[in-house]
Amino acid sequence: MEIGNHLMRVVPISLPTPFYIGPVNVYLIAEDPLTIIDTGPKTKEAIEALRAGMRQAGFLVSDLRRIVLTHAHEDHCGLARSLRDEAKNAEVFVHNWETGHRHSRLEYEEHRMLLVRAGVPDNEILGMRGLYEHMRKYSDSFGDDEYTSLWDEAELEFESGSLRILHTPGHTPGSCSFLREADRTVIAGDCVLKRITPNPVLSPDPVDPSRRFPSLAEYLVSLARLRSFSPTLVYGGHGEPIRDFEELFHRYFRAFQDRQSQVISLVTKNGVTAWDVALKMFPNADDVHRFLSVSEAVAHLDLAHSEGKIAYELSGQTEVYKPQI
Ligand SMILES: [Zn+2]
Ligand SMILES: [Zn+2]
């Protein structure tokens with residue numbers, strides 16, 4: 001509950017990243033206990049920009065008491081360990097479904113199986129792994145005893161009020177958003193971005209890693225849930241804040257519907273894999289975009305299949321999609 005008319009102070013700080021997506025937004029909650037939501041990647045440029053941004057707001061990194069992660073992608077969680085070490089007693093919070101980058105144990109085998117099922121050729125899988133390895137240097141991982149889990153509907157308490165934790169899976173299984181109820185402001189990480197439609201990233205199911213997480217179906221539910229709060233302002237993980245969530249919500253839905261129709265139209269009677277569909281949709285994708293295009297294809301094929309619009313069968317370990325007869 002908010003006390004009086006005090007609005008907890010949210011200070012957005014933009015940090016550079018070495019990634020294609022550009023700068024990342026982190027949010028300082030300038031209240032007691034001093035809290036930062038997301039950290040930026042583990043680079044000298046990002047930590048310097050963070051120090052400068054915090055100094056401008058009247059704080060030092062060593063003043064931080066809580067480090068809260070919307071999700072565990074390198075651009076959001078990379079500095080978590082450094083900040084925690086520098087701030088001595090700071091506590092790290094992340095949803096316990098956010099297993100991919102959090103554990104020191106990587107889900108290599110589970111990930112590889114998902115790519116095999118998607119029909120990605122071996123040499124491409126090797127390339128994607130190389131990229132993954134390369135990305136690791138921008139982040140530290142956390143063991144199970146080094147963080148506190150975020151729980152849906154719990155509150156992050158401050159002396160002056162609280163932020164409600166919303167588990168909003170889709171972009172990743174453990175993605176969380178934070179709601180300041182007094183003025184219905186949401187800090188949404190990569191769940192909501194102003195200029196691009198977030199990618200439902202291919203992930204093993206955190207509860208049963210032999211399964212695929214139904215990322216797009218979950219994402220659509222998360223988006224509708226955020227909409228149910230009628231946000232007046234949404235702070236995303238990248239780009240400017242969103243003041244017209246309703247418009248963006250409909251834009252996202254149109255984009256998803258268009259992509260659904262496109263994916264379904266690419267499923268021919270000879271059968272296609274997610275990899276075939278990804279290559280047709282994004283013939284020029286290279287680098288990390290190869291992986292993201294497979295993610296996008298799998299997410300849409302999964303959704304179309306769960307809605308009974310297409311069928312699939314296994315050919316060896318690979319899923320082959322066919323039109324629904
Ligand atoms: Zn992300
Ligand atoms: Zn991001």
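Analyst: Happy to! The protein chain has 325 residues and a radius of gyration of 20 Å, which agrees with the value near 20 Å for a compact globule of that length. That radius is taken over C-alpha atoms, and the globule rule is 2.2 Å times the number of residues to the power 0.38. Please keep in mind that this is a predicted model, in which local features need pLDDT of at least 70 and side-chain atom pairs count only at pLDDT 80 or more, while totals for chains, interfaces and linings use all residues. Residues are numbered from 1 along each chain as its sequence is written, chains are lettered from A and ligands numbered from 1 in the order in which they are written, and side-chain values use heavy atoms, with hydrogens and water left out.

The C-alpha atoms fill a box of roughly 65 × 40 × 35 Å along the principal axes. Inside the chain there are 9 helices and 13 strands; these are DSSP runs numbered from the N terminus, with helices being H or I of at least four residues and strands E of at least two. Of the 325 residues, 55% count as buried, meaning under 20% relative accessible area, while exposed is over 50% and partly exposed lies in between (1.4 Å probe, protein chains only).

Now for the close look, at Thr39. This residue is found in the loop between strand 3 (35–37) and helix 1 (44–56). Thr39 counts as buried because its relative accessibility is 0%. What does Thr39 touch, leaving aside its neighbours within four places in sequence? Its contacts include Leu15, Val26, Leu50, Ile67 and Leu69, and also His76, Cys77, Gly78, Leu79, Ala80 and Leu83; contact means heavy atoms within 4.5 Å. With Leu79 there is a further detail: a polar atom of the Thr39 side chain lies 3.0 Å from the backbone nitrogen of Leu79.

Thr168 is buried, with a relative accessible area of 1%. Its side chain joins that of Ser177 in a polar contact of 2.9 Å. A polar contact is a pair of N or O atoms within 3.5 Å; within protein, one must be able to donate a hydrogen and the other to accept it, and residues adjacent in sequence count only if both atoms are side-chain atoms. Not counting residues up to four places away in sequence, Thr168 also touches Cys191, Ser222 and Leu226, among others.
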